[in-house]
Amino acid sequence: MSDESPKAPSLTSVSLEDPHLQPYAKHPGRAEALAAAAMVIGFLGFIGFGITYWLSDQTQWEAATLGGGMLALGAGVIAWGKYLMAQGPFVEERHEFHSTEAERDAMTAAIVERGGMVVQRRKVLGGLFALGSTAMGVVIAFPLIRSLGPKPATSRQATNTDTSLFATNWKKNSQLVTADGRIVKVADLGVGGVLTVFPKGYEGSSPDQTILIRLAQIGPNDPPFQLESPGRTDWGVQGYVAYSKMCTHLGCPVGLYQKLTQQLVCPCHQSIFNVASGCVPEFGPAPRPLPQLPLKVDAFGNLQSQSGYQQAVGPGFWERP
Ligand code: FES
């Protein structure tokens with residue numbers, strides 16, 4: 001009797017004729033062309049999204065191109081899996097459950113080889129899928145990058161742009177104007193009135209947006225308007241005060257004014273600022289007071305700034321001192 005153990009069957013020689021590798025589709029060529037067309041449409045959709053994102057703010061086109069790209073790429077992958085892969089069911093005769101180490105190695109090698117062959121046989125689809133998913137990965141990063149906001153360090157020198165958080169366009173003697181460019185006069189607001197204002201020439205600029213509030217009715221001959229904030233007692237004028245409208249938490253526009261309590265409320269996360277005492281935060285996540293703009297009135301009754309903001313406006317950022 002021979003003590004030689006039986007040789008393990010080789011499972012590594014896989015052929016393309018193997019029934020386990022036959023595609024489900026009756027016409028694999030047509031199915032492959034269909035899947036390829038869907039993937040090409042997906043790729044073009046992602047490229048279209050990238051171009052639309054950088055060149056315009058057309059959110060409906062961004063949604064259409066990105067959504068269409070994902071839909072088409074997904075359809076291509078589904079068509080590949082459904083029509084070009086073997087679908088089974090396959091029946092194998094029951095065999096001994098125990099297998100030798102050599103058989104297990106052979107099986108592992110066969111599975112790896114088989115998977116590789118399935119992909120290799122559809123090289124074009126594999127390439128198109130890689131191309132589409134790479135394009136999707138790249139263009140999806142665009143919104144992430146742009147959401148980081150303006151670059152405070154580089155825009156610090158460019159004080160004539162509307163992108164600086166360190167230095168806004170408010171200067172000494174800047175004229176207060178509304179968003180449509182109308183000059184703001186001291187008689188414009190009654191007590192409790194609020195108005196969003198900008199420095200003349202920079203209407204609509206985000207970092208410059210400022211909320212003007214009339215806290216009290218004080219005439220030019222009345223005693224000067226006194227603010228509670230130390231060192232800023234003359235920053236208000238004739239009952240007016242002005243603060244940056246960019247919330248110090250995450251930059252939302254702080255535009256809700258409660259006349260009775262003289263508080264400004266940020267609508268995003270409900271930070272509450274005390275207007276009469278320097279807009280210090282009294283509630284909510286805002287970590288700092290809203291920066292205040294010193295005001296004055298010129299000889300024609302127009303409101304002007306005494307100077308620009310004396311600290312960076314808006315939320316914290318990594319280069320903020
Ligand atoms: S952005 Fe104002 S509280 Fe969050």
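Of the 321 residues in the chain, 28% are buried. The model is a predicted one, and its chain contains five helices and ten strands. Among the contacts in the chain with a separation of 6 or more, 60% are accounted for by residues 24 or more positions apart.

Helix 4 comprises 24 residues, 123-146. The buried residues of helix 4 are L125, L128, F129, G132, A135, M136 and V139. The elements that cover these buried residues include helix 1 (28-55) and helix 2 (59-83). The two pairings are described in turn.

For helix 1 and helix 4, the axes are 9 Å apart and the packing angle is about 20°. Angles under 35 degrees count as roughly parallel, and helix 1 and helix 4 are therefore assigned as roughly parallel to each other. Their crossing is left-handed. Classified by residue type, the contact of helix 1 with helix 4 consists of 20 nonpolar, three polar and one charged residues.

For helix 2 and helix 4, the axes come within 11 Å and cross at roughly 155°. This angle makes helix 2 roughly antiparallel to helix 4, since angles over 145 degrees are assigned to that class. The crossing of helix 2 and helix 4 is likewise left-handed. On the helix 2 side, the contact involves G69, M70, L73, V77 and W80, which meet L125, F129, G132 and M136 in helix 4. The residues of this contact divide into seven nonpolar, two polar and no charged. L125, F129, G132 and M136, which meet helix 2, are also listed among the buried residues of helix 4.

G88 and Q22 are separated by 66 residues in sequence, while the C-alpha to C-alpha distance between G88 and Q22 is 9.4 Å.

How values were computed: Residues numbered from 1 in each chain as written. Predicted model: local features only at pLDDT ≥ 70, side-chain atom pairs only at ≥ 80, totals over all residues. Helix = DSSP H or I, 4+ residues; strand = E, 2+ residues; numbered from the N terminus. Expected span 1.5 Å × (residues − 1). Buried ≥ 20, exposed ≤ 12 C-beta atoms within 10 Å, placed from the backbone. Contact = placed C-beta atoms within 7 Å. Axes fitted to C-alpha atoms, helices over the stretch in contact; angles between N-to-C directions. Parallel < 35°, antiparallel > 145°, perpendicular 65-115°, else oblique. Left-handed = near helix turned anticlockwise from the far one by under 90°. Nonpolar A, V, L, I, M, F, W, Y, C, P; charged D, E, K, R; others polar.
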